[in-house]
Amino acid sequence: MLRAFSNRNYRLWAAADLVSVTGTWMQVLGLNWVVLERTGSATSVGLSVALSTVPALLFGPWAGALADRVPPRRLIVAGESLHVVIALSLAVTVWLGLPLPVLFGLTATAGLVGCFEGPALGRFASQVVPRADLGNALAWNSVTNSTGRVLGMSLAGVLAALVGEPVLFLINGTTFLAVIATVMVMRAERFHTLETSAPEHAGVRAGLAYLRTQHLLLVLFALGFVLSSLGRNYQVTMAAMADGPLGAGSAGYGTLSSVFAVGTVLGGLLAARVQHFTMPLLLGVAAATSVLQAVSGYLPGLVGFAVALVPIAAGAVVIDTVKSTRLQLDAAESMRGRVLAVQGSVAAAAGAMGAPALGWLSERLGPQGALFTAGVVTLAVTGLAALALRGLTRTPRAVPEPQPTPTPAGDAETTKPLVAV
């Protein structure tokens, strides 16, 4: 269960990730609540979320090609440095009460930086652990991220009330510095190299041509899109429930966010115990969470809704861990950056379409009706995915047993050949 932590580089990376994610969720809560407070509109919150994801939708393939060519540490340091500047700019914007378009512009800029940093982070995660430990590392990443979410949301609710939202952005800016420092002190000789593409197979078009032949990956992308757009945008529906039927306000929104995060911690612990990441596991959990989502809005009071959020959140983490592990290990190593970029683009499209759609449904049907409708749709699409996968995988199979990965003798970043975009 703790296999990934036997790697020193991963232990350092997990600690830095916890600090960074805590700051990120402090900023997310502050940003969402500032938008909702100024506009009183769940649709505006959805628009803010969508703006952060649009860059990945537009530029994802190029980000993936870059990640397959440039050493990931360089991209990560550059990206984290830009995030520091953006977080400080958000703090000033909120403090001065500048117009919402300025806030939205900075949100979109942060999404653009994240778009180019995301595939590099994915490849870097594959370098800090051997192939055999990748699934376990992804599961523990979920635990770390969820723990950071609990801490971030809890601290944000207290600090926003005591000293105001701008402080949340300032704190987040400092957490990126911790990531930069950690990446710089990690032992390069313990990185695990990944195969790179031959020059004739590099670039965006080669990556897209490869994906057209990988039907299993395409089904996973399609299922992930629907589950993420209608079954995962709880930033919007929790805000709508707290502000509407539950009448709990910002305190209730913070409470629900923390409860959801606790559920993701439990889900990460469950995923860390999984030995074989099979498609039946993915489909079964997706179906169960869809049913729970459909009925969650009709459970009595804040407590009832919060109780339903725990297994929904746990299921979301199991789904993401199984899906991400299958995408990375079933794809060619030389294409991993581009596969991860497409995954990011799919998630971006889901956010760009799903968040505003759920906001609109919440205003037209009420939050309960929006949750019910979305749950029914995700359940139906899960069934369609099961039918499609039946023709591709006649018998359930686990992720192939990885071959031993030799420890590189030198710096993986300096010995790895670069390929042309």
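What share of the contacts in the protein chain with a separation of 6 or more comes from residues 24 or more positions apart? The share is 88%, where contact means heavy atoms within 4.5 Å.

The model is predicted: local features need pLDDT of at least 70, side-chain atom pairs count only at pLDDT 80 or more, and totals for chains, interfaces and linings use all residues. Residues are numbered from 1 along each chain as its sequence is written, and side-chain values use heavy atoms, with hydrogens and water left out.

Confidence is expressed as pLDDT, the predictor's confidence in each residue, from 0 to 100. The protein chain averages 79. A score of at least 70 is reached by 89% of the residues. Among the elements, helix α11 (residues 279–296) has the highest mean pLDDT, 91. Helix α14 (residues 412–415) has the lowest, 34. Over residues 395–421 the pLDDT is below 50. Beyond near neighbours in sequence, this stretch still has 54 contacts in the model. Where pLDDT is low, predicted coordinates should not be read in detail.

The secondary structure comprises 14 helices and zero strands. Helices (H or I, at least four residues) and strands (E, at least two) are DSSP runs, numbered from the N terminus. Of the 421 residues of the protein chain, 57% are buried. Buried means under 20% relative accessible area, exposed over 50%, and partly exposed in between (1.4 Å probe, protein chains only). The accessible surface of the chain comes to about 16,600 Å². Carbon and sulfur atoms hold 68% of that surface. Areas come from the Shrake-Rupley method with a 1.4 Å probe; for residues, only the protein chains shown count as cover.

The largest nonpolar core has 31 residues. Such a core is a set of buried Ala, Val, Leu, Ile, Met, Phe, Trp, Tyr and Cys residues joined through side-chain atoms within 4.5 Å. Leu103, Tyr234, Met238, Leu256, Phe260, Phe305 and Leu309 touch the most other members. At least two residues each come from α1, α3, α4, α9 (234–243), α10 (249–272) and α12 (301–330). Helix α4 supplies the largest share, six residues. Leaving aside neighbours within four places in sequence, Leu103 is in contact with Leu31, Val34, Val35, Leu90, Thr93 and Val94.

Leu121 also lies in helix α4 (residues 100–128). Leu121 is partly exposed, with a relative accessible area of 27%. Not counting residues up to four places away in sequence, Leu121 touches Trp13 and Ile76. Leu75 is 46 residues from Leu121 along the chain, and their C-alpha atoms are separated by 8.5 Å.

Aromatic contacts were examined next. A pair of rings is described by the distance of the centres and the angle of the planes. Rings of Phe, Tyr and Trp (its six-membered ring) pair if their centres lie within 6.5 Å; planes under 30 degrees apart count as stacked, over 60 as edge-to-face and the rest as tilted. By this rule there are four aromatic pairs. Phe5 and Tyr10 form an edge-to-face pair, at 5.2 Å centre to centre and 75 degrees between the planes. The rings of Phe5 and Trp140 are also edge-to-face, because their planes stand at 80 degrees, with centres 5.4 Å apart. Phe5 lies in the segment before α1 (8–39) and Trp140 in helix α5 (residues 134–163), so this pair ties together parts that are 135 residues apart in sequence. Ring pairs link Phe5, Tyr10 and Trp140 into a cluster.

Phe5 is partly exposed at 28% relative accessible area. Trp140 is buried at 10%, and Tyr10 is buried at 1%. Tyr10 lies in helix α1. Beyond neighbours within four places in sequence, its contacts are Ala4, Phe5, Val128, Val129, Ala137, Trp140 and Asn141. Tyr10 and Asn141 are 131 residues apart in sequence and 9.9 Å apart in space, C-alpha to C-alpha.

Helix α6 (residues 166–185) has 20 residues. Its first and last C-alpha atoms are 31 Å apart, close to the 28 Å expected at 1.5 Å a residue. That expected span is 1.5 Å times one less than the number of residues. The buried residues of α6 include Leu168, Phe169, Phe176, Val179, Ile180 and Val183. Their cover includes α1, α3 (72–96) and α5.
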